[in-house]
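Keep the 3D view handy as you read.

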Amino acid sequence: MDSYIQGIFMLAGINLMAVLGLSLLTGFTGLFSFGHAGFMAIGAYTAAIMTSMLKLPFIVGIVAAGFTAAIFAYLIGRMTLKLKGDYFCIATLGFGEAIRLILDNFQGLGGSRGWPGVPAHTSMLNIFIAVVIGVLFLSNLVRSRHGRNLIAVREEELAAQIAGINVVRYKTLALVVSAIYAGVAGAFLAHYMTFIQPKMFSLIKSTELTIIVIFGGLGSISGSVLGAVVLTFLPELLRAVDKWRLVAYGAAVILIMISRPRGLMGGMELTPNGIKKIIAERKAKKAAAQRSEP
Amino acid sequence: MSQENENILEVQGLTKRFGGLAAVSEVDFKVRKGGIIGLIGPNGAGKTTIFNLVTGVYKVSEGTVNFEGKSITDLEPYSIADMGVTRTFQNIRLFKNLSVFDNVFTACHLSATYSLPEAILRLPRFRREEKLLKEKAQGLLEIVGLQDRADVVASNLPYGLQRRLEIVRALALDPRLLLLDEPAAGMNPDETEQLMRLIADVRDRFKLSVLVIEHHMDLVMRLCERIVVLNFGIKLAEGSPDDIRGDARVVEAYLGAPAPAGGK
Amino acid sequence: MTQFFQQVVNGLSIGSVYALMAVGYSLVYSIMNFSNFAHGGVIMLGAYFGFYAMTLLKLPFLASFAVAALGTALLAVAIERIAYRPLRMRKAPFLYFIISAMGASIFLENIVIATIGPTFRTYPEVFARTPLSLWGLSIGRLDLIMFGVSALCLSGLVAFIELTRTGKAIRAASYNIKAAALMGVNTDRVVTTVFALGGLLAGVAGVFFGMKYTVYPQIGVITLKSFIAAVFGGLGSLPGAVLGSVILGTLETFVAGYLSSQFRDLIAFVILIGVLVFKPSGIMGKPTEDKA
Ligand SMILES: Nc1ncnc2c1ncn2[C@@H]1O[C@H](COP(=O)(O)OP(=O)(O)OP(=O)(O)O)[C@@H](O)[C@H]1O
Ligand SMILES: [Mg+2]
């Protein structure tokens, strides 16, 4: 394969990794984050410290990236997930920006000028393996009682409580798992670009990740995969109109929210079982419509 | 001792203030094991608030709530549910975008014990328990006659069936005390009649105790063995349906006469 | 000591601009219970409207001000119509409002980048740069005017909410929008008014911001800080928003003055974390118990 195309594939895989985590948080649990680029930054810098400074193997860097991101996520979750409404969003937003500002001012890690010379460990193969593990983990998680509890929290928080679901604990779980995905994605990104800079992890990056989840459809893993691949390739192919890309994203997000809020594949999966389920629901709906007619 | 065992729920001096306003004040009542108790009163009397206090949705301002002899006064809603108290909501709260089956299936989760890693690795315990949960959900749907609509998305269900679904979802938790908030609201007489039979039936089948809020007097009078009447957050009267029917204060409260002394 | 008062003066002037911005977030929050992140984009466009009114249309200062404020008021109302009203009609969950707001904010920022470009633009000089000397303090003319006009605008807002019929409806709706609707308050009108008011102030804030610094599409960090000021004061509380803004503005100038200007932008986030940990309802917000 042509190395340009290969590069885009790797980038799509990295985006997908982060998007999968966010899909769990936003799509399945109904929490909205403005700060996942912050977790990516933590992952990227942690992994770079491991491989570039300490000369440890890449896998150690990846594990450390996920672990560090998880710790931050846990602390933020403890602080804010008990609170109502917007406060979680606000906290993630503050977190993402604060991480970036701190890295900007921390000369030991290159400051705002960035950190060059991170080893190029990311390859087509290791990304592919990570993504496959990521997808399997997520799809097994959501198709278990734990995953159903997350979905219940999204659907109707109070009813979930009354059904014996510890809402705060499950929200924390979703946040921590999603941060691990973001941290790992950050590690891969650092070792793909071989150069990291705080600017790469800005608010716009966080919102782009969320946009991909929304495009793909809330509550759909296959949607997230589709979204990440399409929305990584499209801008590369349409370089000429790049400056209009985010304009279109913004407009599309509003359009999706007001017309088809669950996104392209909301709640549906492109798997044999998923398709069966869609058909069954269609049938049931038709049958119900017939029943209600006299 | 025997007294304690007889009552599944004991509420004492229960008070809830919102700002300066007491929505519920100094309410006492008990629910006998296996009993069906009615909670009635005009709009805004504080009935739903009592449900919210018992199930831990609101923090109690004063007073105690004991379930099976243990205090549940300051517990979180999920642990109260875990102990065996569950409820339905006045303004139905289903998992709207999920199918009828998934609504019940989700609520069965307390009957399984497999951990997260077991689920991720699809270990034998996961498979075994998951199969049992499915059967349990299926069985529950059959009991209330929703099995034909298992695949219907909950929000597409007719109103009366949504209320019914909320009741089965509550039953999926294997509760010992079930709180029903206006289960017959918006139902026609025919549906109300069926609902009444359903409540009596599940009470016997699952050995439940029931506390029910209802405005359909006919239903309350026929279904409940005891009735607690609230007005302005205060317990106005308590007794058998016949006592309540003949109570002048209750009639007055319902006809909208001036508030009785002690109200505000 | 003089330096101390000098910092206070500088802090008050930047704090008053934060306040104009923060009030817009709080107004919407008090009625609709979500953080309207599109407000930042509206403020940014306010700065551009003022800039072009002065440079292209060659309007005098006050007229440019009016053009900017009216433009942003219309813009804010339009955003409500397009991005939020359909969700309100559907009683959509809070998550959708936030996502829609984010979409609007991305749209506004990037349409400016795509059309006008990301470059910085400098307002023509309206007030002489030479500062006034008062009691040994040097006070920028612009700072003084910023403070004065902001105070005037905020007083006007308070008067409107306290004294007019519409203001009364806004207060009723902020207390409980459903109950207000039942009692005959036209909630659509209340929402429109609230967005228009927030938009007006956003225009004023945008122009001041542009005059004091420069105009560029990514002023998001600044509007974000004003939003944090609103959280600090207690989301939904107008006096809280003003108080939070003034404290934030003053703290920032102190940190920049006595420590290092590098840390200035971090203050807001330190405050944010403190608020979230110790008092999420902010200085003047009311803790609420959700109705079940
Ligand atoms: N979260 C809350 N905040 C403030 N006041 C509340 C809250 N919940 C209930 N109230 C008030 O408490 C009082 C009792 O309300 P409650 O919902 O318990 O009445 P109810 O008896 O269930 O009435 P209905 O028959 O209309 O359902 C009302 O005045 C209500 O406004
Ligand atoms: Mg009620």
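Let's start with ligand 1: one of its oxygen atoms sits 2.9 Å from a polar backbone atom of B:Gly46. A polar contact here is a pair of N or O atoms within 3.5 Å; within protein, one atom must be able to donate a hydrogen and the other to accept it, and residues adjacent in sequence count only if both atoms are side-chain atoms.

| Residue | Atom of the residue | Atom of ligand 1 | Distance |
|---|---|---|---|
| B:Gly46 | polar backbone atom | oxygen | 2.9 Å |
| B:Lys47 | polar side-chain atom | oxygen | 2.8 Å |
| B:Tyr58 | side-chain N or O atom | nitrogen | 3.1 Å |

Around ligand 1 there are 15 residues, and B:Gly44, B:Lys47, B:Thr48, B:Thr49 and B:Gln90 come nearest. To count as near, a residue needs a heavy atom within 4 Å of the molecule. The site is shared between chains, because residues from both B and C surround ligand 1.

A word on what you're looking at: this is a predicted model, where local features need pLDDT of at least 70 and side-chain atom pairs count only at pLDDT 80 or more, while totals for chains, interfaces and linings use all residues. Residues are numbered from 1 along each chain as its sequence is written, chains are lettered from A and ligands numbered from 1 in the order in which they are written, and side-chain values use heavy atoms, with hydrogens and water left out.

How confident is the predictor? The complex gets an ipTM of 0.90 and a pTM of 0.89. By pLDDT (the predictor's confidence in each residue, from 0 to 100), chain B has a mean of 89, with 94% of its residues at 70 or more. Chain A averages 88, and chain C averages 87. One stretch to treat separately is residues 257–264 of chain B, where pLDDT stays under 50.

Now for where chains C and A meet. Chain C brings 42 residues to the contact and chain A brings 40, contact meaning heavy atoms within 4.5 Å. Together the two chains bury about 3600 Å², 78% of it on carbon and sulfur atoms; that is the accessible area (1.4 Å probe) that two parts lose on being put together, summed over both. C:Ile99, C:Met102 and C:Leu276 supply 16% of the area that chain C buries here, more than any other three residues.

What about salt bridges between chain C and chain A? The count is zero, taking a salt bridge as a side-chain nitrogen of Lys or Arg within 4 Å of a carboxyl oxygen of Asp or Glu. Polar contacts do turn up across this interface: two residue pairs, both at pLDDT 80 or more. Helix 4 of chain C gives the most to the side that touches chain A, with 15 residues; helices are DSSP runs (H or I, at least four residues), numbered from the N terminus.

Over all chains, the whole structure has 28 salt bridges. One of them pairs A:Arg100 with A:Glu97 at 2.9 Å, N to O.

How values were computed. Helix = DSSP H or I, 4+ residues; strand = E, 2+ residues; numbered from the N terminus.
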